[in-house]
Amino acid sequence: MNKSVYLPVVFLLVFAIVLPLFSVVSATTSVSSVPNGHATWTVADSPYSLTSNIIIYSGETLNIHPGVVVHLNGYQIQVYGLLNAQGLNNNPIYFLNDGFSSSQLIFRASSDPDCTVSHGVFYSVPLTIEGGSPTLANNYFTGTSSDAVITINSGGASIINNIISTQNAQDGIHINSGYVIITGNTLSGAGAQQGCGIYNAGSTASITANGITNFYTGIYTNKPGVIKQNVITNNVNDGIVIQGTPEVTISENVIAYNTCGISRDADIQNNTIAYNTYGLWGQTASSTIRHNNIIDSTKESIHLTETVTDVNAANNWWGTTDEAAIRKTISDYDATLRPNLGKVTFTPFLSSPAYAPAVPLVVVPTPPPIPSTTPSPSDTPNPTSSSTPDAPTVSLYPYPTYLPDPTDQHVQPPDEPRFGGFSLTDITTAVVIVIAVSVAITIILFLNRIQQTTKPQGN
């Protein structure tokens, strides 16, 4: 057989072998804009790979369906218009940074008030809110290299039932300004010497029913607001720190296993403050302290630091009815040792536990794995789906019921799977190329052998 005949046949065979394989591993939709002001990203065209910043201008809409995988590749999705990215509990939307710390989702000041991101998985992709009132619900955020996983500079964001697992010394949620609702979230830190679960420097935020664990400080705030029904445990330094204003209501929280439960002045009522090194630290006459369970502090229940200001801490449960024993847990005025401090009045005290929450665990689940193939569940968004079994639950019942082991380790989510710096897709593509080249060589050698065996023998 002549080479001019069998070489085209070889190439056709190789093409027929390689094309179906690449349709599986390399079917990526490259995107750089929102064409015609309206776009919908579907599972059929997933994964999507950004080749530049995606800018959703005012009046434009980008819809992202459940199961879609978005490779940001170091670029940003900037929202001036409407972003509607609603996954499902069993079929989330994936946002991947692909090894680039500059990947980010940003809501600009003009963003549509109906912007919603739900049931998404953000692998090392931080989120910034510069205005508008987006809703972030039922998402999973892993740690990033930025100062915070979610940064709020303005606007009225609602952050509901998310899981935020940070790394290094970063904050989970950092608020510089705006009015923010933060409820039902689980925030887990890295146990570093910096970083807050929620850092509020500029918002009258409502912080309710969150689980916050393993940060340097659970919640820091210097603005009036409400901190209610949260579970704040195992933080390196403080459970809650208030600075600059006593107009913070702290009620019905569990604050346990921190170095200090609550630092500085606030309205502190109906909390369980247990198993901290210090229960309360640095309060003055500006504080209201009543109907709390302040128990089992390893050093002191109350530690005063301010000069000559008395503190009223009557009508709390101290874990005992022995007045002398309670007095020993309080560090206040002493004519010899601490003559510059005020006195704590703790009588009358409760004779049994206050009606305050018991001490549950804060469990941080692992994120869903990144799909290696196109997901098969329904591609139809379901805005009403809000099942969030992993959100923390704070039950209000008389103390005590269930007490956790303070040495329990919290599960940390794995990073996006990579092997020697290469993704699974990179490795699969390389394998396909090697197989294709091997098949081509084998066919050429086989046909060449046939050609030689069919040559006429010379005399």
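The model is predicted, with local features requiring pLDDT of at least 70 and side-chain atom pairs counted only at pLDDT 80 or more, while totals for chains, interfaces and linings use all residues. Residues are numbered from 1 along each chain as its sequence is written, and side-chain values use heavy atoms, with hydrogens and water left out.

I begin with Ser203. Ser203 sits in the loop that runs between strand S22 (196-200) and strand S23 (206-208); strands here are DSSP runs of E, at least two residues, numbered from the N terminus. Is Ser203 buried or exposed? Its relative accessibility is 2%, so Ser203 counts as buried (under 20% relative accessible area, with exposed over 50% and partly exposed in between, for a 1.4 Å probe and protein chains only).

What does the side chain of Ser203 reach? One of its polar atoms is 2.6 Å from the backbone oxygen of Gly178, and the side chain also reaches the backbone nitrogen of Val180, at 3.4 Å. Beyond four places in sequence, the contacts of Ser203 (heavy atoms within 4.5 Å) include Ile175, Tyr179, Lys223 and Pro224.

I turn to the core. The largest nonpolar core has 72 residues; such a core is a set of buried Ala, Val, Leu, Ile, Met, Phe, Trp, Tyr and Cys residues joined through side-chain atoms within 4.5 Å. Trp41, Leu83, Phe95, Phe107, Ile150 and Ile173 touch the most other members. Phe95, leaving out residues up to four places away, touches Ile64, Val70 and Phe122, among others.

Finally, the cysteines. Cys115 is buried at 1%, and Cys260 is buried at 5%. The count of disulfides is 0, taking a disulfide as a pair of cysteine sulfur atoms within 2.5 Å.

Note on methods: Helix = DSSP H or I, 4+ residues; strand = E, 2+ residues; numbered from the N terminus. Polar contact = N/O pair within 3.5 Å; in protein donor to acceptor, adjacent residues only side chain to side chain.
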